[in-house]
Amino acid sequence: MTAAVPLCDERMTAGPGGDFRWCAGAMQNETKPRRTLIRPRQRRPAAAVAALTMAAGAVLAGCGGSAGTGVRSEPAPSASAHAKDKKVLWLGDSIAGVEALPLGAALKASGVGFRNDSSDGGGTIVEGDKMSLPIARSTWKRLRKDLASYRPDVLAYQITTYDWGTPQQQRASYEKLAKAAGNAGADLVIVSAPPFKVDDFYKKHAADIESAPKAAAKVADADGAKVAFADASALWGTDAGAAKAQRSADGIHSCQQGSAAFAKWFTERLGKRYGFAPAPPDEWATGPWVSNQRYAKLGCK
Amino acid sequence: MLLFHAGYLRGGFLGVDLFFVLSGFLITGLLLSETGRAGRIDLAAFWARRARRLLPALVVMGVATLLLAWAFGSPSLLAFALDDAPWAAAQAVNWHFIAEQVGYWNASDTRLFSHLWSIAVEWQFYLAWPLVVLAAGRGRRGEHRVAGLAVVGAVASLALMIMFDNAVDTTRVYEGTDTRAFSLLLGAAAATRPVRARLARVPRQAGHVLCAVLACGLVASWALTDGQHAPGLFEGGMFLHSLAAAVLIAALAAAPDGHAGRVLGSVVPRGLGELSYGLYLWHWPVYLLLPPDVLGFGGLPRTAVLIAVSLAAAALSKRLVEDPVRFRARWATGRRGLAVLAATAVVAAGVWVAIPQPRLGAGTVDVHRLMEP
């Protein structure tokens, strides 16, 4: 199993831990943001939009810049006050499902709205082979409804273990996702899947699993500031069997600690990009979500 | 099943399929016999007999397992046991597991009652099938109608299995009453006069060869089927297994004195058959409550201990619970039987309520570790 490869190193900006790669805004001007990250809507105060625009634009400027162009890693101080205006719709498979519990807790503690739209045994949007296509159809049907009803500012999609198809099909599907997000007034953030055990079930799709993050990164490269790709290998590494990957006994999902680690990592990245201050882990990491039975099903404590 | 659950016989799960076929054959034979004799079926008496046969051992195993899980099990084992118990009591736990996607999560070994899905399927069959036999089985061609309905139902069930087949999560096809009904219905068809008459016309020696070939074929399928993801399993493979089992059972009933009949009717298979219900009920909780870290050893020695403990529990269940209620307890029949059943349900529910819900996930997140760079 190979996890996402760093496809846009020359454009990356390092987070506090130096481990994060945003690949959005590849061709953008280094000093001027090309767009507002939060699409203005009638119901939002113009001042809030302006503040978010400035804060997010500053982050994106760093994303597109090379060394020495003034990477901005902290959100604008005023931006966190407007975090409540933001909403994240989270999409993926059951790996995303176990991450959704602390991610929702972390984002809500940070004042960001969150809806979990992940699906156990499904969740892919890739209209690829005969296995993934029916799953994708079901995901798209639900997603269209949720985009219309929830009106998120950010559609966050974690590449699933079922993103099976040719690289062309994968890319076309991610482009379709970006378009759907854009039409709904949302940004798209695609995050690579964690490394997971490629057992007999997944073995015949190993090439698809490897090509999916590359296709996603290309879409982010091509789509400017509207689409971002987050390479989670910085958090998990690339070896599913290593301690860093924090997989549960099944080698695929994460237990509470690993899920919380992802929530912290991803919330920090979203905070940096969208200008809000992530709540510290002691405010959410030991909340009621740790007792969810999903983890017990995985053999976690 | 015992070997399959111990990780030694990859196709051993097909034993449940054989059990369904056998059950369909026996129950339908009894129902048709009563129809032929009395011209009707006393449904209340039928269900009461089924309850006396199945519920006492089930209740004892269920309550004991809850108490053992409370005393010795992990918090997650207890939590799931408490969650699943009402569904098991309602004989609908298979649908609960389908909703929970236990197959997708590969979570059977976190649930002490996960094996009870097949008992639930049995009960649902017991509730529905006698009504069909009652409606269709009377009259001169009653058994032909029952055979026809059973075959049509089996084919429809196969179609549902193919329709719901999903490589990602097999729980729906594996545990659905509708998708597994073909095993029971093929067994039912095998018990009808038209099928028995056809098999009776098979020359005796040919019948013996047929039995031997089918028995060997079934054993080979258990050895060669590579788990529940075996190709074609849910696209006709399991149906063929059921069909072979149904023909074997009917052929053995027609000519029981061949080699296969003598082997299957010998002391050990008969003894295991008499213990089979208790063995099935007890083996899975025993397996989960005695993991390698509790016993201090694994592998074959652990399997031997697990099977020995399961056999002992099954023997005790038969001697102290099943046989007394079936053959000796006058209080287990009629209105007194209903009252005892209600009192037992109250006691079991009381145990279920009294056991505190365990706290899952406590101390699983180290915040300081999260803060590390």
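This is a predicted model: local features need pLDDT of at least 70, side-chain atom pairs count only at pLDDT 80 or more; totals for chains, interfaces and linings use all residues.

Guide: Residues are numbered from 1 along each chain as its sequence is written, and chains are lettered from A and ligands numbered from 1 in the order in which they are written.

Visitor: How many helices and strands are there in chain A?

Guide: Helices (H or I, at least four residues) and strands (E, at least two) are DSSP runs, numbered from the N terminus. Chain A has 9 helices and 5 strands, and along the sequence they follow the pattern α-β-α-β-α-β-α-β-α-α-β-α-α-α.

Visitor: In what order do the strands of the sheet in chain A stand?

Guide: Two strands pair if DSSP finds at least two bridges between them. In chain A, 5 strands form an open sheet with parallel pairing, in the order 2-1-3-4-5. Strand 2 (113-116) and strand 5 (227-230) of chain A are at the edges, each with a single partner strand, so one side of each has no neighbour in the sheet. On average, neighbouring strands of this sheet are turned by 20° against each other, direction ignored. As an example of pairing, strand 1 (residues 87-91) and strand 3 (residues 154-158) of chain A run parallel and are joined by 4 bridges. Val88(A) stands opposite Val154(A) in strand 3 of chain A.

Visitor: Which strands does helix 2 of chain A lie across?

Guide: Angles run from 0 to 180 degrees between N-to-C directions, and axes are lines fitted to C-alpha atoms, for helices over the stretch in contact. Helix 2 (residues 94-109) of chain A lies across strand 1, strand 2 and strand 3 of chain A, and runs at about 165° to strand 2 of chain A.

Visitor: Is Ala100(A) buried or exposed?

Guide: A residue is buried if 20 or more other C-beta atoms, placed from the backbone, lie within 10 Å of its own, exposed if 12 or fewer, and partly exposed in between. Ala100(A), which lies in helix 2 of chain A, is buried, with 27 other C-beta atoms within 10 Å. Of the 301 residues in chain A, 59% are buried.

Visitor: Which residues is Ala100(A) in contact with, leaving aside its neighbours within four places in sequence?

Guide: Two residues are in contact if their C-beta atoms, placed from the backbone, lie within 7 Å. With those neighbours left aside, Ala100(A) is in contact with Trp90(A), Asn116(A) and Ser118(A).

Visitor: How many residues does the contact take from chain A and from chain B?

Guide: The contact takes 25 residues from chain A and 23 residues from chain B. On the side of chain A that touches chain B, helix 8 (256-274) and helix 9 (293-297) of chain A each supply at least two residues. The largest share of that side, 5 residues, comes from helix 8 of chain A.

Visitor: At what angle do helix 9 and helix 12 of chain B pack?

Guide: Angles under 35 degrees count as roughly parallel, over 145 as roughly antiparallel, 65 to 115 as roughly perpendicular and the rest as oblique. Helix 9 (residues 177-190) and helix 12 (residues 237-254) of chain B pack at an angle of about 25°, with their axes 9 Å apart. These two helices of chain B, helix 9 and helix 12, are therefore roughly parallel to each other.
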